[in-house]
Structure formats: C-alpha cells, structure tokens
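Please brief me on this structure.

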Amino acid sequence: MEQETVGDLELSVGYVLKQVHASMRTAMDEALRPLDLTVPQYACLELLGQTPGLSNAELARRAFVTRQSMNLVLRRLQERGLLTRPDQAPHGRALPTELTRDGRTMLRTASVAVRAVEKQLFSPLSREQQLRLREDLAACVATSPTS
C-alpha cells in the first residue's frame with residue numbers, strides 16, 4: 001500500500017495555516033513594536049489578564065514557549081513594572097504572577113492593537129465564516145495527540 005505525501009503545497013491546509021500564522025505573527029510584531037513588547041510578552045500579559053496567578057510553567061505552556069524563555073519574559077515585564085511575583089512561593093515552588101495597574105493599562109493598549117491585526121487578517125471572511133473557521137480549527141486541536 002502506497003503512503004500518501006503532502007503533494008501540492010498550494011492545496012495543503014497545513015501549509016496555508018502556516019502562512020496565516022506567519023502573516024499574523026509579522027503583523028503582531030509590527031503592532032506591538034511601538035509598545036516595546038514582543039509577541040511572547042503580549043501573550044503573557046493577555047494570559048495573566050484573563051487568568052491572574054498563573055505559574056511560570058503554565059504561562060509557558062499556554063504561550064507556546066519554553067519555561068526558560070518565559071522566565072526571561074517575566075523578568076523583563078517585572079523590570080518594567082508590568083507585573084508582580086512574590087519573592088517566595090506561597091505553596092510549593094510556583095510563583096503566582098499578577099499584572100500591576102501599569103500592566104493592565106499596557107494590556108488594554110496591546111490587546112486593542114492585536115485585535116486590529118486579527119480583524120484585518122480575517123476581514124475577507126464574514127463573521128459567520130470566522131466563527132466556523134474557529135470551530136473547525138478548535139475541533140482539529142481537540143483531536144490532536146499533543147492537546
């Protein structure tokens with residue numbers, strides 16, 4: 001039995017997804033640059049804005065970076081006064097992280113910029129098509145062995 005190959009990249013869903021990801025990442029980089037934020041820093045702020053108290057390991061997992069990279073992200077954001085972490089863990093080893101007032105302000109500004117990028121990128125699709133795309137992609141993630 002012959003195994004199937006990817007074939008024509010222009011017909012590959014995975015290839016088009018990678019193109020969309022690259023376009024979105026580039027546009028997010030440009031939108032966040034004036035705020036002196038990287039995409040991982042923005043992701044960290046957004047995650048903490050929605051779920052305060054996450055640990056370094058949980059932030060890294062949800063932001064798709066290594067724990068070591070997230071540690072650098074957290075350190076930089078803490079130096080800028082955008083978040084706080086206790087000196088010692090209240091329980092175990094995890095240091096729960098929370099946004100400061102400046103962090104919440106920065107998050108709001110950054111989130112508006114990123115939403116504008118997202119709206120522009122998906123503007124060829126109707127609201128219904130965008131919802132369907134999101135549902136279809138979420139279904140793929142749900143069946144992924146790494147989810």
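From the N terminus on, the elements run α-α-α-α-β-β-α-α. That makes six helices and two strands, taken as DSSP runs numbered from the N terminus, with helices being H or I of at least four residues and strands being E of at least two. This is a predicted model, in which local features need pLDDT of at least 70 and side-chain atom pairs count only at pLDDT 80 or more, while totals for chains, interfaces and linings use all residues. Residues are numbered from 1 along each chain as its sequence is written, and side-chain values use heavy atoms, with hydrogens and water left out.

**Overall**

- Along the principal axes, the C-alpha atoms fill a box of roughly 60 × 35 × 25 Å.
- Of the 147 residues, 27% count as buried. Buried means under 20% relative accessible area, exposed means over 50%, and partly exposed lies in between (1.4 Å probe, protein chains only).
- Take the contacts between residues at least 6 apart in sequence: 49% of them join residues at least 24 apart. Contact means heavy atoms within 4.5 Å.

**Packing of H1 and H5**

- Helix H1 (residues 13-32) packs against helix H5 (residues 101-121) at an angle of about 145°, and their axes are 9 Å apart. Axes are lines fitted to C-alpha atoms, for helices over the stretch in contact, and angles run from 0 to 180 degrees between N-to-C directions.
- H1 contributes Val20, Ser23, Met24, Ala27, Met28, Ala31 and Leu32 to the contact, and H5 contributes Ala110, Ala113, Val114, Val117, Glu118 and Leu121.
- By class, this contact of H1 with H5 has eleven nonpolar, one polar and one charged residues. Ala, Val, Leu, Ile, Met, Phe, Trp, Tyr, Cys and Pro count as nonpolar, Asp, Glu, Lys and Arg as charged, and the others, Gly among them, as polar.

**Largest pocket**

- The largest pocket has a volume of about 1900 Å³. On a 1 Å grid over the protein atoms alone, a pocket is an open set of points where a 1.4 Å probe fits, with protein on both sides within 12 Å along at least five of seven lines. The volume is the space filled by probe spheres set on the points, which are joined across faces, edges and corners.
- The largest pocket is lined by 35 residues, and the closest to its centre are His21, Met24, Phe64, Glu118 and Leu137. A lining residue has an atom within 4 Å of a point.
- H1, H2, H3, H5 and helix H6 (127-143) each supply at least two lining residues. H6 gives the most, with nine.
- The lining has 22 nonpolar, six polar and seven charged residues.

**Positive phi**

- Most residues other than glycine have a negative phi.
- Asp36 has a positive phi, near 60°. Asp36 sits in the loop between H1 and helix H2 (39-50) and is partly exposed at 46%.
- Phe64 also has a positive phi, near 65°. Phe64 lies in the loop between helix H3 (56-63) and helix H4 (67-79) and is exposed at 75%.

**Two buried residues**

- Leu59, in helix H3, is buried at 0% relative accessibility.
- Leu59 touches Cys44, Leu47, Leu48, Leu54, Met70, Leu74 and Thr97, leaving out residues up to four places away in sequence. Leu59 and Met70 are eleven residues apart in sequence and 7.1 Å apart in space, C-alpha to C-alpha.
- Arg85, in the loop between strand E1 (83-84) and strand E2 (98-99), counts as buried at 17%.
- With residues up to four places away not counted, Arg85 touches Asn71, Leu74, Arg75, Gln78, Pro96 and Thr97.
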